[in-house]
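Please consult the sequence and structure shown below.

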Amino acid sequence: MNQRFKIQLFTLLIIFLVACNPSKEQHSTSSPLTSSAVEAKIDSILDILTLEEKVGLVHAQSKFSTKGVERLGIPELWMADGPHGVRAEINWDNWGYAGWTNDSITAFPALTCLAATFNPKLAGEYGFSLGEEARYRKKDVLLGPGVNIYRTPLNGRNFEYMGEDPFLASQLVVPYVQGVQKNGVAACVKHYALNNQELNRDKVSVEVSDRALHEIYLPAFKASVLKGNTWAIMGAYNKFRGEYTTHHELLMNDILKGEWNFDGVVVSDWSSAHDTKKAALYGLDIEMGTGTDGLGTTTLNHYDNYYLAKPFLKALKHGEIPETVLNDKVRRVLRLRYRTNMDNNRPLGSANTIEHQNVARNIATDGIVLLKNEDNFFPIQDKVGLTIAVIGENATRSMTKGGGSSELKPKFEISPLQGLKERYKNATILHALSYHTGPSVYDKITPSPYNADSLKVEALAIAKKADVVLFVGGLNKSHLQDCEGDDRRQYELPFDQNTIIEDLLKVNSNLGFISLTGNAFEIPWKSKVKGILQSWYLGSMAGHAIADIISGDVNPSGKLPFTFPKKLEDNGAHSFGAESYPGVNLTTEYKEDILVGYRWHDTKNIEPEYAFGFGLSYSTFEMSNITVNKTELAKDDAFTISCDLKNTGDYDGAEVVQVYVGKPESKVKRALKELKGFQKVEVKKGETANASITIPIEELAFYDETLADWNIEKGIYTIHVGNSSDNIIKTLEITVQ
Ligand code: BGC
């Protein structure tokens, strides 16, 4: 090519790219590019980028953005937390909030609540609405969802994840990711992988078998890549077998980018990269958050000193790392641009709409789990003369504040007390705190500045006067509770809530407990209270959703996405002492192996307080005619479980038909049963609906360590159909030939 021709071509390319640049803020449409056209464009851009420009694309330029290439019209890339809503704007160089006045959003329910819906359709609506808000806020990458498996009830971050079962999490992450990405905003599925505790999260090394890795800890990530086509994945803080997961040859190169053929970008967690050569060679594409802030302590522009900045450039220039390694990262980063901010067809987004509020409310009501309902304590009818005492700090506390990076700045947040007051127009609602944990959400568990006795006396006084007591308690988003960066230190509820509840019960036994947590907890007073509602952290519409359920406007249909053990030692991870949790010498060995959550309780015959998949309704359902269409299966077959579901109660409602599979005789260790299919079915009172759940034979495979591959054993499998892991209505058998 002669020089003049090259220059002309170059100029044309620039004009084209600038024309494509959506940072011009107009919304134009053109026909979408085919992927081969995109790859061809990327080839031509790669040809003209300088080494410095390329390196500039693979590390941060601020706390939440990376550079573009201005001369070519390649825009910057903007990211934002997080899984439950779009986080408020953060300062350029540090974690402080920028104090904007136009960054309030809709807070959606925490992902534990989404998991409890057992409702993939709602997961799609969640992702789509959240993606619209991210797009409206001009974000290109949404840092969520989180799909780390719930291994111990102490993990401070469980509320951000989708429970203890890999199949459930996989079914929900796919529509969530697809929903977000319909807006031209990338989902960034996190934290890959094995980030199952917050205590020592940036140092701890996980030892786990290949089998548990593949069967328990990776499936939701795999589904997000293979079925959800996620455009980004975030590395985790922790190590796996001694190496940091963010640049891990096996996890990133062999599994994610090799076996799963992931064509998106791997983003580091904020400060999870630790080495230039490893980051370069073992899969990291964009380095974010390294160091305490953007200015560093000794350098002017700390970002230049990131592992994938100047040190990377130097290694490239000295030939220590081949340029092809950088080109692969840049290709991925540019592909991400074409999928997001260089896609002229992406919609414009919206925030704080009534639609989003409705989606948040529907997910919240669909996910609230009714755990106990003695004497039909719930629903509570609104009537003149009825006095309801709403007691507990969580009745008024903001639960979108705190918790770490998932903290939100919602336009509004309806507290449980407000929601109840707005719904109950005839009854008298009284309120008392009963305990107070201090005004700051960042408080440690320290003595309260308030007089604890007087708060309790006040609570007892209103409880005595009331017909009904609703204790709104649980955890909150402060350090050492449901909060990033550390784990809970105790399984029991904090702030002496157990004593307060026992004391309240002495003056009024007509008491229901409304639990706001993202984790299981010890329930010593379970037999004494009339009702228990597991209400999660529900976001903007929390109070309305809680009132919807308590009043009976919505019939509860949520199911627990994790087990409530009676005591901590009953949980698999806690059955082996410190080596298994929280680790010894910064190594945590997952000794329970594949038997996580209900798999442990079932197989070891340890009765839980509340089982995985459990949740009551105001109605009753009867399952009958449970059949399987095929009992002999060969390669590539699938089988379908059908059942009739009759609503035999007085309320329209929904029930989740759950199908678990077991393999009683096997050459390898097996859980008694594992969830392999489910369907949430709405049925009007008195009517019967049909559930039909198809399970492909591949779902029966186990990860065979001797083959380093999935393997389907021949022989008899048991199919357990029920409405919770501990309530199986019928067991069938199928045979794999
Ligand atoms: C968290 C990530 C989050 C990132 C950015 C990290 O501390 O682990 O989940 O996306 O910060 O806020």
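Beyond its neighbours within four places in sequence, Leu470 contacts Phe377, Phe378, Ile380, Ile388, Ala389, Val390, Ile391, Leu420, Gly512, Ile514 and Ile550. The model that shows these contacts is predicted.

**Nonpolar cores**
- The largest nonpolar core holds 195 residues.
- Leu470 is among the members that touch the most others in this core, together with Met79, Tyr192, Phe378, Ile380, Trp525 and Ile550.
- Helix 6 (residues 166-181) supplies the largest share of this core, with 9 residues.
- Another core, of 26 residues, lies apart from the largest one; its members include Met623, Ile626, Leu633 and Val659.

**Packing of helix 5 and helix 13**
- Helix 5 (residues 120-136) packs against helix 13 (residues 354-367) at an angle of about 145°, and their axes are 10 Å apart.
- The two helices, helix 5 and helix 13, cross in a left-handed sense.
- Helix 5 contributes Leu122, Glu125, Tyr126, Ser129, Glu132 and Glu133 to the contact, while helix 13 contributes His356, Val359, Asn362, Ile363 and Asp366.
- Sorted by class, the residues in the contact of helix 5 with helix 13 are 4 nonpolar, 3 polar and 4 charged.

**Model confidence**
- The average pLDDT of the protein is 94, and 93% of the residues score at least 70.
- Residues 10-27 have a pLDDT below 50, and this stretch has 28 contacts in the model beyond near neighbours in sequence.

Methods:
Residues are numbered from 1 along each chain as its sequence is written. This is a predicted model: local features need pLDDT of at least 70, side-chain atom pairs count only at pLDDT 80 or more; totals for chains, interfaces and linings use all residues. Side-chain values use heavy atoms; hydrogens and water are left out. Axes are lines fitted to C-alpha atoms, for helices over the stretch in contact, and angles run from 0 to 180 degrees between N-to-C directions. Helices (H or I, at least four residues) and strands (E, at least two) are DSSP runs, numbered from the N terminus. A crossing is left-handed if the near helix is turned anticlockwise from the far one by less than a right angle, and right-handed if clockwise. Contact means heavy atoms within 4.5 Å. Ala, Val, Leu, Ile, Met, Phe, Trp, Tyr, Cys and Pro count as nonpolar, Asp, Glu, Lys and Arg as charged, and the others, Gly among them, as polar. A nonpolar core is a set of buried Ala, Val, Leu, Ile, Met, Phe, Trp, Tyr and Cys residues joined through side-chain atoms within 4.5 Å. Buried means under 20% relative accessible area, exposed over 50%, partly exposed in between (1.4 Å probe, protein chains only). pLDDT is the predictor's confidence in each residue, from 0 to 100.
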